[in-house]
Amino acid sequence: SDHHLSYPASPDDMDWSTYYPGFVAQNPLDNGEPQKTETSSTLAASRSLTKDVEVVDIGCGFGGLLVALAPLLPDSLILGLEIRVQVTHFVQDRIRALRAQNQEKNLYQNIACLRANTMKFLPNFFRKGQLSKIFICFPDPHFKVRKHKARIVSSTLNSEYAYALRPGGIVYTITDVESLHQWMVEHLEGHPSFERISPEEEAADPCVEVMKKETEEGKKVERNSGPKFVALFRRVEDPPW
Ligand code: SAM
């Protein structure tokens, strides 16, 4: 349960250095002198990264999307968020192994996985406008009406996605459940911060193919020749008031 989830009090309190060791900045405070009064803030500063997490996979499952996006977006830090402990550990081990196997080429340094309940703690991890892409791939459908509040796309959560995304940023959705697809379109298109992206632009975005082919759920649907419903939404500028 959430009692065992640890999350930062604010994005500034998050130490990403163990997640992205390949992107840890040289310590600007380290002048060779021993630091007598090392406060937690100087400690945090000494562990800062050269860039911020920019791409998030919500409910990343076994990490297929992360692994496929790593070479496609080599300059972006990509983070999978997953609520299941064992699954999170699996993905973390998978990334560790890929990094070790590709040490010379320094690959897979830009992906990481963290355990979190994205329905509750998203603003604890990301500042306003920090993200450029949010992926929501094959979310649990929660078919029953009384379970709809458990869906990962809702008016309230969409406001959190809008907060974390910069204007021009994109929410990617895919599902094999048509009624859930309609639900996501209705709730995201109906939100003042989002507009749906045209089919032409959608087809031209290489991330869409990855989302269809490289997610574990996408592969499962492929094997069963099931349908895949895709919809992308752009974060629009806030109105000037
Ligand atoms: N995205 C992956 C894929 O396409 O292969 C996994 C899809 S799976 C059907 C849904 C995933 O979302 C599960 O791994 C589940 O544990 C995770 N999940 C559900 N609710 C979540 C939440 N509130 N926060 C984080 N992850 C969640």
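A residue counts as near a molecule if its C-beta atom, placed from the backbone, lies within 6 Å of it. The exercises below concern a predicted model.

**Exercise 1. How many residues surround the ligand, and which are the closest?**

Solution. 
Step 1. The shell around the ligand holds 19 residues.
Step 2. The closest of them are Gly-59, Gly-61, Ile-83, Thr-215 and Glu-217.

**Exercise 2. State the order of the strands in the open sheet, and identify which strands stand at the edges.**

Solution. 
Step 1. The sheet has seven strands in the order β3-β2-β1-β4-β5-β7-β6, and its pairing is mixed.
Step 2. β3 (111–115) and β6 (194–196) each have a single partner strand, so one side of each lacks a neighbour in the sheet; these are the edge strands.
Step 3. On average, neighbouring strands of the sheet are turned by 20° against each other, direction ignored.

**Exercise 3. In which sense, parallel or antiparallel, does β5 pair with β4, and in which sense with β7?**

Solution. 
Step 1. In general, strands of a sheet pair through backbone hydrogen bonds, in either the parallel or the antiparallel sense.
Step 2. With strand β4 (residues 131–137), β5 pairs in the parallel sense over six bridges. Within this pairing, Ile-174 of β5 is the bridge partner of Cys-137.
Step 3. With strand β7 (residues 229–235), β5 pairs in the antiparallel sense, again over six bridges. Here Val-171 has Phe-233 of β7 as its bridge partner.
Step 4. The pairing continues from β7 to β6: these strands run antiparallel and are joined by three bridges. Arg-196 stands opposite Phe-233 in β7.

**Exercise 4. Explain why strand β5 is described as largely enclosed.**

Solution. 
Step 1. A residue is buried if 20 or more other C-beta atoms lie within 10 Å of its own.
Step 2. Eight of the 11 residues of β5 (residues 165–175) are buried, and therefore the strand is largely enclosed by the rest of the structure.

**Exercise 5. Describe how helices α5 and α6 lie across the strands.**

Solution. 
Step 1. Helix α5 (residues 155–164) forms a right-handed β-α-β unit together with β4 and β5.
Step 2. α5 lies across β4, β5, β6 and β7, and runs at about 135° to β5.
Step 3. Helix α6 (residues 178–189) lies across β5, β6 and β7, and runs at about 10° to β7.

Methods: Residues numbered from 1 in each chain as written. Predicted model: local features only at pLDDT ≥ 70, side-chain atom pairs only at ≥ 80, totals over all residues. Buried ≥ 20, exposed ≤ 12 C-beta atoms within 10 Å, placed from the backbone. Helix = DSSP H or I, 4+ residues; strand = E, 2+ residues; numbered from the N terminus. Pairing = 2+ DSSP bridges. Right-handed = clockwise from strand over helix to strand, strands pointing away. Axes fitted to C-alpha atoms, helices over the stretch in contact; angles between N-to-C directions. Contact = placed C-beta atoms within 7 Å.
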